[in-house]
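Please keep the sequence and the model at hand while reading.

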Amino acid sequence: MSTQIALPRFARIGAGAVDEIGAVIDQLGLHRPVLVTDKYLVSTGVADRILDILRVAGKDPLLFDGTVPDPTTDSLVEGLRAVNEHDADSVIGFGGGSPMDTAKALAVLSAKGGRMRDYKAPHVYTGPALPIIAIPTTAGSGSEATQFTVISDSASDEKMLCPGLSFLPIAAIIDFELTTSMPPRLTADTGVDALTHAIEAYVSRKANPFSDGLALAAIHTIGKNIRRAYADGEDRVAREAMMIASTQAGMAFSNASVALVHGMSRPIGAHFHVAHGLSNAMLLPAITRFSVRGAESRYADCARAYGVVSESATDNVATQFLVDALTELCHDLKVPTPLAYGIDRNKWDDLIPLMARQALESGSPGNNPVVPTASEIETLYAEVFE
């Protein structure tokens, strides 16, 4: 059976690549893009810099800076109005995962209409959409290279995974210099997010030889550089390495899917407003410990790529070292437990059955080496709280 691989048509990668946005839009034959970003990036002046470059290139851009962390269906309303009133022929997602996810949603809704719930997994959307150009400013989400967007339903607080080729950016600009101002907490959370993408892509039941190479390369690079980037945001070598690894991990999981960590992470983000990368980090060691028995050799490969064991280590030893290494990494990066983060225990306990159901409904746990029952997911939620 063949494997379907989907990637952006092209990317511009390297220091200063963002200055080439005018040439990229011109190369694509586009003229009226909407720059989708947030108010913080407007305050830094970088958004205006991009708009100026586009205008010099003879384009007619519009700014929409109303994106919010973990975008919701309500947060899309004004953006959709802006895209439609501008008669936009494209959207540029500029920022972390949230602006890029927002841009993807607007690209589809403006072309096809309906509600985001209509595009929720297991539905896979491949219909009309505006071209999407992605410019990430964090080294973590990999959204610039994925055929997914995640939007929370404002009415139910459900974090909806919406898949399909129409959500895949047509082009990406990967400029690590945009990440050097990231504070340590954001560096840690997005870095562990990228590591989770790579590990889950490699152990996923939908893994394939193409995604495997990207996943292992990302794991190796992140293992060597995440602590350096966390300790010194001005470390250009580490920042560039993490940016490339994030994109590689995005390409890997976009073509292999994520698994149980992400399935359980989304409800935490939706109900408790925990940043996506951080909720992944809260879960990663425990879920890895639960899952290794289902794909011992694959997790052992991850341990070798990460650099915690030699190539000659047995699979059993390697998996034990991997779990310990992930636990140590989260400790070193000061990843809090849900309790330490300030989440109320009673509310957590009350929502565990709902979160477990939503995790299963997302489909991601079905890709896990050990496919969990609802009861097992509930036990894992209880385990990670403290």
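## Aromatic pairs and cores

Tyr119 and Tyr125 are both buried, where buried means under 20% relative accessible area, exposed over 50% and partly exposed in between, with a 1.4 Å probe and protein chains only. The model is predicted, so local features need pLDDT of at least 70 and side-chain atom pairs count only at pLDDT 80 or more, while totals for chains, interfaces and linings use all residues. Residues are numbered from 1 along each chain as its sequence is written, and side-chain values use heavy atoms, with hydrogens and water left out.

A search of the whole structure finds seven aromatic pairs; rings of Phe, Tyr and Trp (its six-membered ring) pair if their centres lie within 6.5 Å, and planes under 30 degrees apart count as stacked, over 60 as edge-to-face and the rest as tilted. Two of the pairs involve Tyr119.

| Pair | Centre distance | Plane angle | Class |
|---|---|---|---|
| Tyr119 and Tyr125 | 4.9 Å | 80° | edge-to-face |
| Tyr119 and Phe167 | 6.4 Å | 90° | edge-to-face |

The pair of Tyr119 and Phe167 links distant parts of the chain, 48 residues apart. Tyr119 counts as buried because its relative accessibility is 4%, and Phe167 counts as buried because its value is 0%.

Elsewhere, Phe272, Trp348, Tyr381 and Phe385 form one aromatic cluster. Trp348 and Tyr381 are also among the residues with the most contacts inside the largest nonpolar core, which has 79 residues; such a core is a set of buried Ala, Val, Leu, Ile, Met, Phe, Trp, Tyr and Cys residues joined through side-chain atoms within 4.5 Å.

Methods:
Helices (H or I, at least four residues) and strands (E, at least two) are DSSP runs, numbered from the N terminus.
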